[in-house]
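Open the model in your viewer and keep the selection tool handy. We will go from stop to stop, and at each one you will hear what to select and what is there.

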Amino acid sequence: MSTPSKAQLLNEVHTLLKKRYKPKPDPSPGRLSVLEGIVYGICHEGTTREQANQALSRFKDDFFDWNEVRVSSVDEIKGMLAGLPDPEDRAYRLRRFLRQLFEKTYGFNLDPLAKKPLKESIKALREYEVFGSDYVTAIVIQQTLGGHAIPVDVPIRRAMVRLGVAEVDTDIATLRGILERAVPKNRAAEFVELLEDLAHDTCVEGPPDCPRCELRKICPTGLARKEDRATNKVVAAKHAKVASTEPKPDPAATISDGDTAEPPKPARGKTRHPK
Ligand code: SF4
């Protein structure tokens, strides 16, 4: 049987995951401004979309505007990122971006970029340090600039390596290129949501929960772990069988060797006490 191409494998992954996670279409595509897309990307990297949406909502509800966020302390910004990993680093990155944006534009509106050719917009955005993150770049392209992008963060990369789509040393930008070539734009948003569900449900950090995973029959890691479990069971059963057929030690033999099981009892009769 020939090995499926990456596109075929990813197509199968998509179909199987869809059966399990049933993604809901985004109720309001294009709901984010370019600036919100950047904040969303900072919040979303390594977390779920629910966590990122909640954090974004807290910023919008609890601050008067983005300028207030810009002049806030890192601790205040961190408070909006409660529950996310590395809140301090995210808070620094967000404040740094808002400061850079204000220094460059004296405002907080990047939406004119959404009307420019994609390459031109990306070139302009790369002037901001936050775009050093390939994940944030891909989120902004996908969510606000209308381009084709498949954001890859550490959890998604982990699942892709286990599935054999990437090597352990494939970097995130290279993996994104592989995925974007294999998955067409009209399926990309749903595909990313499904990968995210997988990476935060069964294909988690540490030992993955393969027996519960929808991909266990096609995933090389899942199949190898199943084989290991089966081998371990056989070995354990053999050990148990050998142990049950070994002769048991004879307790009487132990006593006759002088190794008494109980301390010797004192001789019967009255004990003589010196007068
Ligand atoms: S089978 Fe296991 S390793 Fe493979 S994708 Fe599923 S959880 Fe991850």
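Before the first stop, a word on helix axes: axes are lines fitted to C-alpha atoms, for helices over the stretch in contact, and angles run from 0 to 180 degrees between N-to-C directions. Helices (H or I, at least four residues) and strands (E, at least two) are DSSP runs, numbered from the N terminus.

This is a predicted model, in which local features need pLDDT of at least 70 and side-chain atom pairs count only at pLDDT 80 or more, while totals for chains, interfaces and linings use all residues. Residues are numbered from 1 along each chain as its sequence is written.

**Stop 1: H1 and H11**

Select residues 6–21, helix H1, and residues 185–201, helix H11. Their axes come within 10 Å and cross at roughly 65°. H1 and H11 are therefore roughly perpendicular to each other (angles under 35 degrees count as roughly parallel, over 145 as roughly antiparallel, 65 to 115 as roughly perpendicular and the rest as oblique). Now show the side chains of His-14, Leu-17, Lys-18 and Tyr-21 in H1, which meet Arg-187, Phe-191, Leu-194, Asp-197 and Leu-198 in H11 (two residues are in contact if their C-beta atoms, placed from the backbone, lie within 7 Å). This contact has five nonpolar, one polar and three charged residues (Ala, Val, Leu, Ile, Met, Phe, Trp, Tyr, Cys and Pro count as nonpolar, Asp, Glu, Lys and Arg as charged, and the others, Gly among them, as polar).

**Stop 2: H9 and H11**

From H9, pick Pro-155, Ile-156, Arg-158 and Ala-159; their partners in H11 are Leu-195, Glu-196, Leu-198, Ala-199 and His-200. Six of the contact residues are nonpolar, one is polar and two are charged.

**Stop 3: the ligand**

Which residues come nearest to the ligand? Of the 14 around it, they are Cys-203, Cys-210, Cys-213, Cys-219 and Gly-222 (near means a C-beta atom, placed from the backbone, within 6 Å). Helices H9 (154–162) and H12 (220–245) are the elements that give two or more residues to this shell. By class, the shell has eight nonpolar, three polar and three charged residues.

**Stop 4: H2 and H3**

Select residues 34–44 for H2 and 49–62 for H3, whose axes come within 8 Å and cross at roughly 130°. That makes H2 oblique to H3.

**Last stop: confidence**

Colour the chain by pLDDT (the predictor's confidence in each residue, from 0 to 100). The protein chain averages 88, and 86% of the residues score at least 70. Over residues 254–275 the pLDDT is below 50. Where pLDDT is low, the predicted coordinates should not be read in detail.
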